[in-house]
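Student: Could you take me through one part of this model up close? I'd like to look at the aromatic rings and whatever charged pairs turn up.

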Amino acid sequence: MGSFFDKVKNTASAVGSKVKEAGTAVGDASKTTVEKQKLKSAIHKEDDNIEKQYALIGKKYMELFATQPSPEFAEYITSIETSKETIAKLNSQLIALEDFIVCSCGAKVAKNASYCPACGSAVAVATTTAEEQPSVAPEEIVVDDAVEVEVDDSNANL
């Protein structure tokens, strides 16, 4: 009978050793995975920093040479300027749809407001008839330190 219990004891000991080895292997693999993820994260952070620095170099170049770029950069600068103009037009259209005007301080002000909540300037809204409105939309009209966006809807049904 002693040999039966010895066999059970030896088997249990062997199983325990195998479980311990498997646990150690899983732990080591987990540590390796965590370390790999940390390294990948650090690499990604440095890549992001490089991209940020490239963008800053480009902005600095624009500040210094936008009016007289070297020929190899002229196309890029023209594209940037075109995009800036497009953004300004789209913002004007958006403001017109939102029923706001833009104060001289740059804050959005409700068209029915008397004063700008940001700077306190008096805000007056000009009224125009359809005949007085510009034929190109959107057009900015400056009124008492405020900019009102007018949109020509007269050709909307063409």
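Tutor: Let's start with a term: helices (H or I, at least four residues) and strands (E, at least two) are DSSP runs, numbered from the N terminus. Keep in mind that this is a predicted model, where local features need pLDDT of at least 70 and side-chain atom pairs count only at pLDDT 80 or more, while totals for chains, interfaces and linings use all residues. Residues are numbered from 1 along each chain as its sequence is written, and side-chain values use heavy atoms, with hydrogens and water left out.

Now find Tyr61 and Phe65: both sit in helix H1, four residues apart, which is about one turn of the helix. Rings of Phe, Tyr and Trp (its six-membered ring) pair if their centres lie within 6.5 Å; planes under 30 degrees apart are called stacked, over 60 edge-to-face, and the rest tilted. Searching the whole structure turns up two aromatic pairs. In one, Tyr61 and Phe65 are tilted, with 4.9 Å from centre to centre and 45° between the planes. The other joins Tyr61 to Phe73, and this pair is tilted too, because the centres are 4.8 Å apart and the planes stand at 40°. Here Tyr61 is in helix H1 but Phe73 is in helix H2, so the pair ties together parts that are twelve residues apart in sequence. Put together, the ring pairs link Tyr61, Phe65 and Phe73 into a cluster.

How open are these rings? Buried means under 20% relative accessible area, exposed means over 50%, and partly exposed is in between (1.4 Å probe, protein chains only). Phe65 is partly exposed at 38%, and Phe73 is partly exposed at 36%.

On to the charges. A salt bridge is a side-chain nitrogen of Lys or Arg within 4 Å of a carboxyl oxygen of Asp or Glu, and the structure holds two of them. Back in helix H1 (residues 2–65), Lys60 and Glu63 are three residues apart, about one helical turn, and their side chains form a salt bridge at 3.5 Å, N to O. Lys60 is partly exposed at 46%, whereas Glu63 counts as exposed at 60%.

The other salt bridge pairs the side chains of Lys108 and Glu98, at 3.1 Å, N to O. This one links distant parts of the chain: Lys108 is in strand S2 (residues 108–110) and Glu98 is in helix H2 (residues 71–98), ten residues apart. Lys108 is partly exposed at 43%, and Glu98 is partly exposed at 31%.
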